[in-house]
Amino acid sequence: MPSNFVQRQLVIFGSVLLFLLFWSAYDYGGRYLHVQTLSQVLAGGLLLWSARRFRYPDSFQSLQAYPLLWPSLLWLSSACLSFAFSVNQLTSLEEIARLLMYLSLGLCAYLWVQQFETAEARRNALDWSVRGIVGIGLVIVTLGWIMQSGGQSLAGTFYRTNDLAGYLLLITPLALGGLFNTSQKHWKAYYGLSTLVLVVSLISTNSRTSWLAMLVSLGFLLYLYRQQFLRKETLAVGAVIAILVLGALIVNGESIGNRLSTLTHLSILQENATSWRLHLLQNAWSMFLDRPILGYGPNTYGIVLPQYMQSAGFYSINPHNYYLQTLAETGLLGGLALLIWLGSLGRSMRQSLNPYSYALACGLLASLIHIGFDIDWSVSAIPLLFFSMTGLALSPVAKQVYPPITYTPYINTSRVLLGLLGASLVLVPSLNYFSAQAYIASIQAQSQSNLKAAQTQIQRAMTLAPWPSGKHYHAKATFFEDQKEPAQALVYSLKAIQIDPHNARYYSLPGKLMLQDGDPKNDLQAAGLFERRLAMNPYRHPGLYTELAEVYWRGLKRKKEAKAIYERGLNAFSDNI
């Protein structure tokens, strides 16, 4: 294969990776399904390309040289084991696909750099990767400044200040590290200006925990680069940056001062946001204690949380602490796998593998601090960048030397592994995306009273779905209810509960259907369904108490119990009524 053709392929590979990082940050932080699906398919394509590039005899050795290969497979395996006992397996499968994407991007970035034949070419690949990542950060914050109105905190294309802060925490140390690693004046100017813009932008998010993480990571980076930092020309650039940052702090001094003062004042514990987060953390710990081995399943915190809420208003889809969330969702096995992965990352980072390893490591450190206080890894643009940076940080510039292989393997294990993982990332998210589109079409058809089209689309959604889902059966139940076929509606509504027993909204329809059939024996079963729904959602909405009380009052004629339920609802939501 001609060398220039290979070089073009490598350039395309790197361009796709940078495009993925940019697009996810540009489009609402990559929260939407279409962005996540595109990201997963592209990551799968990069894996398949990497598999195609592997040749005998040293392919397996070069893959094994990736320090996080086995820890990544262990982490992924623990998530899959937890999935088998998940309370919502479709949601957990979607999260496993995201985890596979993140881990794969780290591997892809590593393999991409290693595909270049010379140390100089690998250094150039790292140079342009860092320049590209810093450039993406500049574009995102520039858009943020254009979008900002009035005295609001900077949120950018993420539309949430803490998310933008979490993103910039990864890039800011990289820009400063680039300043120390280049000798060319125009690139020094580029990195110096980038560091200034990124630091000011990070401060302007008014995210207190990100400020602390930034101080730790930049302070550690300056210590690691202390010899370069003490050079005359670098000190001059640093002084200019410091003066300009100080000026920005003075201009925005009042707002920043108010935010900083809360960090040293006990009143921070009385803030609504702080109290809310403490409740979320306590509930996550309670979930872990109830299911300590495998947890409730990946990405199920928001589904299970209502059962643990102690008062109204403390709901969130995650606990704002990734480490506790991992314990709650995947138990000790998942937590141990994450700890092993982080330990392997830290051990590998102890040696400078390439000129940018220190800067990349400090960005990763800042992110690991911040995910202990916020939802960074629930916004896919941030973990996409984080895991891509791990691959770049662990990629050595010097050519790897492997002991000779005296035999030709019957199966190229590396190509098989990468091919399977890549095919999974292409297939599963694509099926899930088209299934979701068919599901939406079915709901829209139902709202337009086109029940035939609704039935066709929901059947298509169920056929394409990579795993059975309670929402599909619940939708079919509502269609049969609209068609005045209560028996069929009851069958499908109970199937939805069987598949997804922790989704409280599925309990209402079968309860109502049982009450409508006129059989007194079913009234007790209906009451049981409404009681189960209330037990899972005691602080979500006062209407749940009203519906259950109506069942006892009008259906069962047990007014004493009905009154007690009304009083429970009044006590639970006394501050909101």
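**A walk through a helical chain**

Of the 577 residues in the protein chain, 53% count as buried. Please keep in mind throughout that this is a predicted model. The chain has 25 helices and zero strands, and its accessible surface comes to about 26200 Å², with 62% of that belonging to carbon and sulfur atoms. If we take the contacts between residues at least 6 apart in sequence, 74% of them join residues at least 24 apart.

Let me begin with one pair of helices. Two packed helices are described by the angle between their axes and the distance between those axes. Here the axes of helix α5, residues 89-114, and helix α6, residues 119-147, come within 8 Å and cross at roughly 135 degrees, and α5 and α6 are therefore oblique to each other. Which residues meet there? On the α5 side they are Trp 112, Val 113 and Gln 114, and on the α6 side Arg 122, Ala 125, Leu 126 and Ser 129. Sorted by class, this contact of α5 with α6 has four nonpolar residues, two polar and one charged.

Staying in helix α5, we also find Arg 98, which counts as buried because its relative accessibility is 14%, and buried means under 20%. Setting aside neighbours within four places in sequence, Arg 98 is in contact with Gln 36, Gln 40 and Asn 299.

Asn 299 has a positive phi of about 65 degrees although it is not a glycine, and with a relative accessible area of 25% Asn 299 is partly exposed. His 320, in the loop between α14 and α15, likewise has a positive phi, of about 60 degrees, without being a glycine. Is His 320 buried or exposed? His 320 is buried, at a relative accessible area of 5%.

Now to the salt bridges, of which the structure holds eight. In one of them, the side chains of Asp 374 and Arg 160 meet at 3.0 Å, N to O. This pair links distant parts of the chain, 214 residues apart, with Asp 374 in the loop between α16 and α17 and Arg 160 in the loop between α6 and α7. Asp 374 counts as buried at 2% relative accessibility, whereas Arg 160 counts as partly exposed at 23%. Both belong to a network of salt bridges that also includes Arg 31, Asp 163 and Arg 277.

Another salt bridge joins Arg 533 and Glu 547, whose closest N and O atoms are 2.1 Å apart. Arg 533 lies in helix α23 and Glu 547 in helix α24, so this pair ties together parts that are 14 residues apart in sequence. Arg 533 counts as buried, at 8% relative accessibility, while Glu 547, at 30%, counts as partly exposed.

Finally, those two helices bring us to α22, residues 508-516, whose buried residues are Ser 508, Leu 509, Pro 510, Gly 511, Leu 513 and Met 514. What do the buried residues of α22 pack against? They pack against α20, α21, α23 and α24. Just after α22, Gly 518 takes a positive phi of about 80 degrees.

How values were computed
Residues are numbered from 1 along each chain as its sequence is written. This is a predicted model: local features need pLDDT of at least 70, side-chain atom pairs count only at pLDDT 80 or more; totals for chains, interfaces and linings use all residues. Side-chain values use heavy atoms; hydrogens and water are left out. Axes are lines fitted to C-alpha atoms, for helices over the stretch in contact, and angles run from 0 to 180 degrees between N-to-C directions. Helices (H or I, at least four residues) and strands (E, at least two) are DSSP runs, numbered from the N terminus. Angles under 35 degrees count as roughly parallel, over 145 as roughly antiparallel, 65 to 115 as roughly perpendicular and the rest as oblique. Contact means heavy atoms within 4.5 Å. Ala, Val, Leu, Ile, Met, Phe, Trp, Tyr, Cys and Pro count as nonpolar, Asp, Glu, Lys and Arg as charged, and the others, Gly among them, as polar. Buried means under 20% relative accessible area, exposed over 50%, partly exposed in between (1.4 Å probe, protein chains only). Accessible areas come from the Shrake-Rupley method with a 1.4 Å probe; for residues, only the protein chains shown count as cover. A salt bridge is a side-chain nitrogen of Lys or Arg within 4 Å of a carboxyl oxygen of Asp or Glu.
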